[in-house]
Amino acid sequence: QIPVVGLRVVATATSIYGHYREGDEGTITRLTQVDPIVRWNRTGQEQKTPRTQIRGFDCVSLSDGQAAAVGLRVVAIRNDNAGATGVVIKVGPDEVAVRWDKDGKVAPAKPAELKGVSDVVLVDGEIAVVGLRVVALEDSSFGSYHSGDTGTVVQINASDPIIRWDSSGAVAQTDRSKLRASHHFELADGMTAAVGMKVVATTASEEGHHAAGDVGTIVRIDPTNPVVRWENSGAEYLTRRTQLQGVPPPIVPSIDDEAAPSASDAPALPEAAGVEIIKVQQQKCKHAPCCYHVDPDHWRDFNHGIQPQPSPGCKILILH
C-alpha cells in the first residue's frame with residue numbers, strides 16, 4: 001500500500017529504539033524521501049518509521065461500527081463475558097486482544113462481540129469497572145438503594161454502572177453522580193466499611209457513644225464515616241472509621257473435634273485485678289499485644305492451644 005498522509009498504519013515489528021511495538025497503531029503525518037513520519041497512538045510521539053515495519057491498517061470495526069484501536073475501552077456484549085469491561089492492547093485482522101478489568105488478564109475477543117465505551121467516572125474521579133466496590137451518596141429515586149448503602153459494579157452501560165446492592169441483593173442501573181468508590185472508607189485495620197458489617201470499637205468515643213471493645217453493625221455510610229448501631233445501647237451514631245475494626249465471622253468448630261472438653265468441664269473464668277472481659281464475635285483479636293482469645297466452652301487459647309494466664313491490664317475476648 002502506498003504511504004500517504006493520513007493513512008492509518010500498524011507496526012509489524014518492534015522498534016529497536018522502543019518508539020513503537022509490534023501491533024501498535026498510528027497515523028502517517030508527513031512523508032520523507034524514504035520513510036514516513038508516524039504519530040503512534042500509544043505514546044503520542046511522531047517517529048520516522050521504516051516502511052518495511054508498517055502496513056496499511058484495514059479498519060477492524062466493533063459491533064457499534066467504531067474502529068478498534070489500541071487504548072480503546074470496550075465492553076463485552078455477548079457470551080458469558082457480557083458486561084465485562086477492558087482495554088484493547090492489540091488489534092489483529094480478525095480479533096483484538098483485550099486486558100479485562102475484572103482480573104487484569106489479556107484474552108482475545110471477536111470485534112463483533114465488543115462495543116466501545118467511554119470511561120464512566122464517579123463523583124470522586126474513580127473510573128467505574130466491573131468488580132469495583134461503591135457506596136451510594138444519595139437515595140435511589142426508585143427505592144433500589146439508600147444513601148450509605150454499599151454494592152459492587154457488575155456491569156457498565158453507556159453512561160452509568162449497574163450495581164448489585166449488599167443490603168437487598170437487588171441489581172439496578174445507578175446514576176454515577178450518586179456513587180463513589182468504597183475503598184475511600186477503610187477502617188483502622190484496612191477493611192472496607194460496608195452496610196451490614198460487624199465492627200468493634202478500638203477506642204472509646206469522646207462523646208460517650210461507645211466504649212473500647214463495644215460491638216456494633218454499620219447501617220449506612222455518610223460521605224466519610226459509617227453510622228453504627230451499637231449493640232450495648234441500640235443507638236445509632238456516626239463513628240470515625242479510624243476508631244473501628246472489622247469483626248470476622250465466628251469460628252465454626254470441627255464436628256470431629258473429640259479432644260475438646262465439654263462446656264461442663266470448662267473451668268471458670270479466672271479472676272485477676274485489672275482484667276477486662278469483652279464479649280465479641282471474632283476469631284482474631286487486634287487489641288494486641290496483651291489480649292487473649294478465649295473459647296468459653298473449651299477454655300483454651302485459639303492461637304496457641306493453651307490456657308491463657310491473664311495479668312492486670314489484659315483483655316479477654318470471649319467468643320460467643
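The structure contains 2 aromatic pairs. A table sets them side by side.

| Pair | Distance between ring centres | Angle between planes | Arrangement |
|---|---|---|---|
| Tyr-20 and Trp-40 | 4.7 Å | 25 degrees | stacked |
| Tyr-145 and Trp-165 | 4.5 Å | 25 degrees | stacked |

Before looking at them more closely, please keep in mind that this is a predicted model.

**The two aromatic pairs**

Why does the pair of Tyr-20 and Trp-40 count as stacked? Planes under 30 degrees apart count as stacked, and the planes of Tyr-20 and Trp-40 stand at 25 degrees, so this pair qualifies. The pair links distant parts of the chain: Tyr-20 sits in the loop between β1 (8–11) and β2 (25–31), while Trp-40 belongs to strand β3 (residues 36–40), 20 residues apart. Both Tyr-20 and Trp-40 are buried.

The other pair, Tyr-145 with Trp-165, is stacked too, with 4.5 Å from centre to centre. This pair also links distant parts of the chain, with Tyr-145 in the loop between β11 (133–136) and β12 and Trp-165 in strand β13 (residues 161–165), 20 residues apart. Tyr-145 has a relative accessible area of 4%, so it is buried. Trp-165 is buried as well, because its relative accessible area is 1%.

**The chain as a whole**

How many helices and strands does the protein chain have? There are 0 helices and 23 strands. The protein chain has 320 residues, and 40% of them count as buried. Taking the contacts between residues at least 6 apart in sequence, 47% join residues at least 24 apart.

Strands of a sheet pair through backbone hydrogen bonds, either parallel or antiparallel. Here, 5 strands form an open sheet with antiparallel pairing, in the order β14-β13-β12-β11-β15. Which strands stand at the edges? They are β14 (171–173) and β15; each has a single partner strand, so one side of each is left without a neighbour in the sheet. From one strand to the next, the twist averages 40 degrees.

Inside this sheet, β12 and β13 run antiparallel and are joined by 5 bridges. One example is Thr-152, whose bridge partner in β13 is Arg-164.

**Strands β6, β7 and β8**

Another set of strands is worth a visit. Strand β6 (residues 73–76) pairs with strand β7 (residues 85–91) in the antiparallel sense, over 3 bridges. Val-75 has Thr-85 in β7 as its bridge partner. On to the next strand: β7 and strand β8 (residues 96–100) run antiparallel, joined by 5 bridges. Gly-86 stands opposite Trp-100 in β8. A hairpin through 4 residues joins β7 to β8.

In soluble globular proteins, nonpolar side chains tend to be buried together. In this model, the largest nonpolar core has 17 residues, and Leu-132, Val-134 and Ile-156 have the most contacts inside it. The elements that give two or more residues to this core are β11, β12, β13 and β15. Ile-156 touches residues well beyond its sequence neighbours, including Val-75, Thr-85, Val-117 and Pro-161. Apart from this core lies another, of 14 residues, among them Val-60, Ala-84, Val-88 and Ala-109.

**Two residues up close**

Thr-150 lies in strand β12 (residues 150–156). Is Thr-150 buried or exposed? Buried means under 20% relative accessible area, and Thr-150 has 1%, so it is buried. Its side chain makes a polar contact of 2.7 Å with the side chain of Asp-166. A polar atom of the Thr-150 side chain also lies 3.1 Å from the backbone nitrogen of Val-195. Leaving aside neighbours within four places in sequence, the residues in contact with Thr-150 include Arg-133, Val-135, Trp-165, Ala-194 and Ile-221. Trp-165 is the residue that forms an aromatic pair with Tyr-145.

Met-191 gives another view. This residue is located in the loop between β15 (179–181) and β16 (198–201). Met-191 counts as partly exposed because its relative accessibility is 31%. Not counting residues up to four places away in sequence, Met-191 touches Phe-185, Glu-186, Met-197 and Gly-246. Where does Gly-246 stand relative to Met-191? The two are 55 residues apart in sequence, and their C-alpha atoms are 6.3 Å apart in space.

Definitions and conventions: Residues numbered from 1 in each chain as written. Predicted model: local features only at pLDDT ≥ 70, side-chain atom pairs only at ≥ 80, totals over all residues. Heavy atoms only, no water. Buried < 20%, exposed > 50% of the residue type's maximum accessible area, 1.4 Å probe, protein only. Contact = heavy atoms within 4.5 Å. Polar contact = N/O pair within 3.5 Å; in protein donor to acceptor, adjacent residues only side chain to side chain. Phe/Tyr/Trp six-rings, centres within 6.5 Å; stacked < 30°, edge-to-face > 60°. Pairing = 2+ DSSP bridges. Axes fitted to C-alpha atoms, helices over the stretch in contact; angles between N-to-C directions. Core = buried A, V, L, I, M, F, W, Y, C linked by side-chain atoms within 4.5 Å.
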